[in-house]
Amino acid sequence: MDRITSLITEARTASDDQQPDMAGAINELMARLPAEATSEETAVWLLRLLDDGHLDGLRDEAGQPSSVAATRALLGLGYPHAMQVPPERLEALRRWERRTLPVPWGPLVGTLLLAAMMQCFFVLMSDQPRQLFGVSAECLAGEVPCPPAGLSAWFRYEGQYLVSTGLFLENVLAGVAAVTVGRLQKVRPRVRLGFLGVGVLGLLTWGALLALGYAGVGWGAFMSAAGALAAWRILKVP
């Protein structure tokens, strides 16, 4: 609480460039109050900050007002402190939570489309062409030895392509979610987390496939991961 008070004092006199960073620090500390501070003392202090208008005009880089963060902290303290929140502050919190965010669908779709094209290119140009059901036409004709049965053979001829298809579909689904519901403030972080998950999974798959000797499909997984991570950055909360 002392740290927040100090930051509020500094933020009120800070420049326009510095103020969002300070407000972000204030909002982060506000979010920790219900779990780390004494309820009664904290509630009285938060109500005084709101009533005196010390938080008015302070917004973090995402645009969240510090007064909204304080209202959410008060509600987090539970009964009876939540009952003391002024109605106008509750309405401001509701408006903030219903706020929609612009979706940069042009750069987003362009990035994912380019990543998909590059992934398909590397998969199709891989040094191990696809053979349906693990058996090629040359094998059936007796021109070349048929591959051995077993899990390793299945992965060599089928599994690696299923992995690539899975990464491709995950990016497609994340892209559809970003364009359709990514504008919703509550959903946006989850969509971004989905892109981040696809990116991390793609990088792990890339390393594993390269280690196993599947360079073409491996680099395809890398392209999928790069597209997902780029989309994660593009879809940041303004």
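This is a predicted model: local features need pLDDT of at least 70, side-chain atom pairs count only at pLDDT 80 or more; totals for chains, interfaces and linings use all residues.

Reader: Got it. So which residues does Thr205 touch, leaving out those up to four places away in sequence?

Author: Thr205 touches Val163, Leu167 and Ala221.

Reader: And where does Thr205 sit, in which helix?

Author: Thr205 is part of helix H9.

Reader: Is Thr205 buried or exposed?

Author: Buried. Its relative accessible area is 13%, and the cut-off for buried is under 20%, so Thr205 qualifies.

Reader: Okay, let's zoom out. How many helices and strands does the protein chain have?

Author: There are 10 helices and zero strands. Reading from the N terminus, the elements go α-α-α-α-α-α-α-α-α-α.

Reader: How much of the chain is buried?

Author: Buried residues make up 39% of the 238 residues. The accessible surface of the protein chain is about 13400 Å², and 63% of that belongs to carbon and sulfur atoms.

Reader: What share of the contacts with a separation of 6 or more comes from residues 24 or more positions apart?

Author: That share is 73% in the protein chain.

Reader: Back to H9. How do H9 and H10 cross?

Author: H9 covers residues 188-212 and H10 covers residues 215-234; their axes come within 7 Å and cross at roughly 160°. An angle over 145 degrees counts as roughly antiparallel, so H9 is roughly antiparallel to H10. The crossing of H9 past H10 is left-handed.

Reader: Which residues make that contact?

Author: On the H9 side they include Phe195, Leu196, Thr205 and Trp206, and on the H10 side they include Trp219, Ala221, Phe222 and Trp232. Thr205 is the one we began with, and Ala221 was among the residues it touches.

Reader: What classes of residue are in there?

Author: The contact of H9 with H10 has 17 nonpolar, four polar and one charged residues.

Reader: Now H4 and H5. At what angle do they cross?

Author: Helix H4 (residues 66-76) and helix H5 (residues 87-97) cross at roughly 110°, with axes that come within 9 Å. Angles of 65 to 115 degrees count as roughly perpendicular, so that is how H4 lies to H5.

Reader: Who's touching whom there, and what classes are they?

Author: H4 brings Ser67, Val68, Thr71, Arg72 and Leu75, while H5 brings Arg89, Leu90, Ala92, Leu93, Trp96 and Glu97. By class, that contact has six nonpolar, two polar and three charged residues.

Reader: What about loops? Where is Arg99?

Author: Arg99 is in the loop between H5 and H6. At 27% relative accessibility, Arg99 is partly exposed. Leaving out residues up to four places away in sequence, Arg99 touches Ala62, Arg183 and Gln185.

Reader: How far apart are Arg99 and Arg183?

Author: They are 84 residues apart in sequence and 8.7 Å apart in space, C-alpha to C-alpha.

Reader: And Pro102, is that buried or exposed?

Author: Exposed, with a relative accessible area of 59%. Pro102 is in the loop between H5 and H6 too. From Pro102 to Gln185 there are 83 residues in sequence and 9.8 Å in space, C-alpha to C-alpha.

Reader: Last one: where is Asp51 found?

Author: Asp51 is in helix H3, residues 39-52, and counts as exposed at 58% relative accessibility. The C-alpha atoms of Asp51 and Pro86 are separated by 9.0 Å, with the two residues 35 apart along the chain.

Technical notes: Residues are numbered from 1 along each chain as its sequence is written. Side-chain values use heavy atoms; hydrogens and water are left out. Axes are lines fitted to C-alpha atoms, for helices over the stretch in contact, and angles run from 0 to 180 degrees between N-to-C directions. Helices (H or I, at least four residues) and strands (E, at least two) are DSSP runs, numbered from the N terminus. Angles under 35 degrees count as roughly parallel, over 145 as roughly antiparallel, 65 to 115 as roughly perpendicular and the rest as oblique. A crossing is left-handed if the near helix is turned anticlockwise from the far one by less than a right angle, and right-handed if clockwise. Contact means heavy atoms within 4.5 Å. Ala, Val, Leu, Ile, Met, Phe, Trp, Tyr, Cys and Pro count as nonpolar, Asp, Glu, Lys and Arg as charged, and the others, Gly among them, as polar. Buried means under 20% relative accessible area, exposed over 50%, partly exposed in between (1.4 Å probe, protein chains only). Accessible areas come from the Shrake-Rupley method with a 1.4 Å probe; for residues, only the protein chains shown count as cover.
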